[in-house]
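Hello,

Here is the structure I promised to pass on to you. Have a look at it first, and then read on for a short tour.

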Amino acid sequence: MGFLGMIKINQSCCSYSSFGPNLTNPLPNFSSRRFESTKAEKLRSDSPRDFDVNSNQVLDFPGGKVKFSPEMRFIAESPVERVHCYRVLDDNGQIISGSNYVQVDQEIALKLYTNMVTLQVMDTIFYEAQRQGRISFYVTSIGEEALNVASAAALTMDDLIFPQYREQGVLLWRGFTLQEFANQCFGNKADFGKGRQMPIHYGSHKHNYFTVSSTIATQIPHAVGAAYSLKMDNKNACVVTYFGDGGTSEGDFHAALNFAAVREAPVIFICRNNGWAISTPTSDQFRSDGVVVRGQGYGIRSIRVDGNDALAMYSAVHAARDMAISEHRPILIEALTYRVGHHSTSDDSTKYRPVEEIEWWRLARDPLTRFRKWIESSGWWNGEHESELRNSVRKQMNPSRTTVNERRDKWRKIYSLDEVLHAIQVAEKVEKPPVMNLFTDVYDVPPANLREQEQLLRETIKRYPQDYPSDVPV
Ligand SMILES: Cc1ncc(C[n+]2csc(CCOP(=O)(O)OP(=O)(O)O)c2C)c(N)n1
Ligand SMILES: [Mg+2]
């Protein structure tokens, strides 16, 4: 009421001219091609009906014409029905009749499946390596394999990726090797980040994959800036940024969406809504119908997708990419999924969510099983292929562990790939980067305070050598 009231009052004063019809001054050009109605045009100032309080009124306002209404109606806080979730494969891996999807050929389908299996195995082994004290930290993407791999498959290598931290499947799809993953997790000399980051902070210039920053949501505005620059350079590419439901609780998410909409940046926002931000459920994060409805609030085309359906993810990202590039517009994808694993190796998720819930997602909603059924029914895969694939894997743990303490970790897979183990063994043997790398690569000429800290560190290591790892050169 206050705002509209202000407009009415201003009708009689000079400032109105900057908002509404004025005989002498045309409207300032607020227009973009999205809002045709705001384009400067000959204003119908001689049309008294627009201002007649007794008939339909239209306020010509920046952003488009707005109808007045005598009805005091508040917009409902939620729709009657929740936004539908797009999917292509049913629970049995069969294509739902009438589905609207992008065809995937045999080669891509099998690459999708084997990448998902590799991702699952890699995650399991790195998780184990952390449990054995060989690396300090890890996060798995178990349960989210389809979202990871199928979204990556729908892109080209020219598209830039701005990840959160649970998207190692995207990097895997792009060709980052198991050895490169292991080098980063072990922080050895071959790590592209020179051992300065915790495990899982991957980044690769070659793969157009910006380095993970675990400060939640900071990558989202960066992605928009990069997308805007792609548009300025007329590149046939877009930016894809991933984030969790928790990421949407940060101001950066909102600033980024608004900026992208206004600047018409070719960026695809992929929200992995996996139900939890560590121990915080989505019900404590937002009261909207999830994340998808936020898009419209910012003027962004959006879709909700079954993130555990590889075909739906592939199709939605494929279509989003086309629209983002050809129409210069951002797209928001809310992918519904579930974090089957713990948040990280520092977490025990059974403390805040029922084991039955985890088990249901692990078994009934497993994205790999569903996709495998589809490739089998397409005649591209069979039991023989599966055992061939699994032949390169070997049994690691006893699957029949059922004690209470161990039941928590039941979601873990029982296989490991020899290649992953080999990569770990190699990475472990590679020399660590010198600790003094901590002080390089930021300043051309290090400032006095950094030089002082470096000196202090040298002296401290000299004095207390027993407290410093002997395998890290000074
Ligand atoms: C700015 C900031 N605040 C808090 C944290 C601690 N933190 C790390 S991960 C995380 C939860 C993120 O959840 P979500 O975005 O849903 O991703 P998910 O782990 O579920 O994949 C939080 C709060 C952080 N890293 N950065
Ligand atoms: Mg989450």
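In which helix is lysine 111 found? Lysine 111 sits in helix α2. Helices (H or I, at least four residues) and strands (E, at least two) are DSSP runs, numbered from the N terminus.

Before going further, a word on how to read this. It is a predicted model, in which local features need pLDDT of at least 70 and side-chain atom pairs count only at pLDDT 80 or more, while totals for chains, interfaces and linings use all residues. Residues are numbered from 1 along each chain as its sequence is written, and chains are lettered from A and ligands numbered from 1 in the order in which they are written.

**The chain as a whole**

You will find 15 helices and 11 strands in the chain. Of its 474 residues, 36% are buried. Here a residue is buried if 20 or more other C-beta atoms lie within 10 Å of its own, exposed if 12 or fewer, and partly exposed in between, with C-beta atoms placed from the backbone. Among contacts with a separation of 6 or more, 72% join residues 24 or more positions apart. Two residues are in contact if their C-beta atoms, placed from the backbone, lie within 7 Å.

The largest nonpolar core holds 98 residues, and Val267, Ile268, Met313 and Ile333 have the most contacts inside it. Helix α2 (residues 106-131) gives the most to this core, with 12 residues. A second, separate core has five residues, including Ile142 and Trp361. A nonpolar core is a set of buried Ala, Val, Leu, Ile, Met, Phe, Trp, Tyr and Cys residues joined through C-beta atoms within 7 Å.

Leaving aside residues up to four places away in sequence, methionine 313 touches Ala146, Leu147, Ala150, Ser151, Val305, Gly307 and Ala335.

Strand β4 (239-244) is mostly covered, with six of its six residues buried. Val239, Thr241 and Phe243 lie on one side, Val240, Tyr242 and Gly244 on the other, and all are buried. β4 runs parallel to strand β3 (residues 160-162), joined to it by three bridges; isoleucine 161 stands opposite valine 240. With strand β5 (residues 267-273), β4 pairs in the parallel sense over six bridges. Two strands count as paired if DSSP finds at least two bridges between them. On β5, cysteine 271 is the bridge partner of phenylalanine 243, and isoleucine 270 is the partner of tyrosine 242.

β5 is mostly covered too: seven of its seven residues are buried. Val267, Phe269, Cys271 and Asn273 point one way from β5, and Ile268, Ile270 and Arg272 point the other way.

**Around ligand 1**

There are 16 residues around ligand 1, and Ile216, Gly244, Gly246, Gly247 and Ala277 come nearest. A residue is near a molecule if its C-beta atom, placed from the backbone, lies within 6 Å of it. β4 and β6 (276-277) are the elements that give two or more residues to this shell. By type, the shell divides into five nonpolar, seven polar and four charged residues. In this count Ala, Val, Leu, Ile, Met, Phe, Trp, Tyr, Cys and Pro are nonpolar, Asp, Glu, Lys and Arg are charged, and the others, Gly among them, are polar.

**A few single residues**

Why is lysine 111 called partly exposed? Lysine 111 is partly exposed because 15 other C-beta atoms lie within 10 Å. Alanine 153 is 42 residues away from lysine 111 in sequence, yet their C-alpha atoms are 9.1 Å apart.

Arginine 134 lies in the loop between α2 and α3 (145-153), and has 15 other C-beta atoms within 10 Å, so it is partly exposed. Beyond residues up to four places away in sequence, arginine 134 touches Ala129 and Glu428.

Most residues other than glycine have a negative phi. Isoleucine 200, however, has a positive phi near 80°; isoleucine 200 lies in the loop between α5 (178-186) and α6 (219-232) and is buried, with 21 other C-beta atoms within 10 Å. Glutamate 264 also has a positive phi, about 50°, and its place is in the loop between α7 (251-263) and β5.

Enjoy exploring it!
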